[in-house]
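Reader: Could you walk me through reading a sheet in a model like this one? I would like the general idea, then the case at hand.

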Amino acid sequence: MAPYELQLIPAAETRYLRHVVLRPHQRPEELVYPGDDAPDTVHFGLYVDDEQHGVASLYREPRPGTKSTTEWRLRGMAVLASNQGRGYGAALLQACIEHAALQGGTRLWCNARTTASGFYKRLGFAVEGAEFELPGIGPHYLMSRPP
């Protein structure tokens with residue numbers, strides 16, 4: 001694995017990889033998520049030789065059906081396809097886990113693409129409920145873990 005650097009970045013700097021990796025059918029300016037600019041939200045960028053290879057966003061947000069103020073949602077995690085399998089996704093996820101824990105988080109959750117569920121399971125996440133479809137994006141599971 002090449003050496004990398006994790007940085008806190010503004011929301012706008014996540015949108016290119018959200019577009020290229022997660023939602024190529026949408027323009028980058030369409031990839032503004034609710035809460036991107038909320039005071040508690042953080043965005044991580046992973047860089048190799050000053051080039052962005054991965055992003056992840058973390059929001060203080062309860063899981064559907066709950067009202068907890070101590071749950072955190074992982075969203076928009078993306079690593080360039082050519083760099084997947086090098087540990088970059090795990091490094092981004094670990095930064096999110098640590099941030100949620102430092103903020104007193106009790107649960108970290110995400111809507112994980114079914115194709116990525118094995119990755120999340122290896123990092124301590126468990127599936128909650130049945131598979132569901134996000135229109136225009138594909139099948140997902142709600143997955144969570146304690147931070």
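Author: Two strands pair if DSSP finds at least two bridges between them. Helices (H or I, at least four residues) and strands (E, at least two) are DSSP runs, numbered from the N terminus. This is a predicted model, where local features need pLDDT of at least 70, side-chain atom pairs count only at pLDDT 80 or more, and totals for chains, interfaces and linings use all residues. Residues are numbered from 1 along each chain as its sequence is written, and side-chain values use heavy atoms, leaving out hydrogens and water.

Reader: What do strand 2 and strand 3 form?

Author: Strands of a sheet pair through backbone hydrogen bonds, either parallel or antiparallel. Here, strand 2 (residues 42–48) and strand 3 run antiparallel, joined by seven bridges. They form a hairpin with two residues between them, and Asp49 in the turn has a positive phi of about 50°. Gly45 stands opposite Val55 in strand 3.

Reader: How many bridges pair strand 3 with strand 4?

Author: Six, again in the antiparallel sense, with strand 4 covering residues 71–79. Leu58 has Leu74 of strand 4 as its bridge partner, while Arg60 has Trp72.

Reader: Is strand 3 mostly covered or mostly open?

Author: Covered: in strand 3 (residues 51–60), eight of the 10 residues are buried, meaning under 20% relative accessible area with a 1.4 Å probe, protein chains only.

Reader: In what order do the seven strands form the sheet?

Author: The order is 1-2-3-4-5-7-6, in an open sheet with mixed pairing. Strand 1 (5–8) and strand 6 (126–134) are the edge strands, each pairing on one side only.

Terms used:
Buried < 20%, exposed > 50% of the residue type's maximum accessible area, 1.4 Å probe, protein only.
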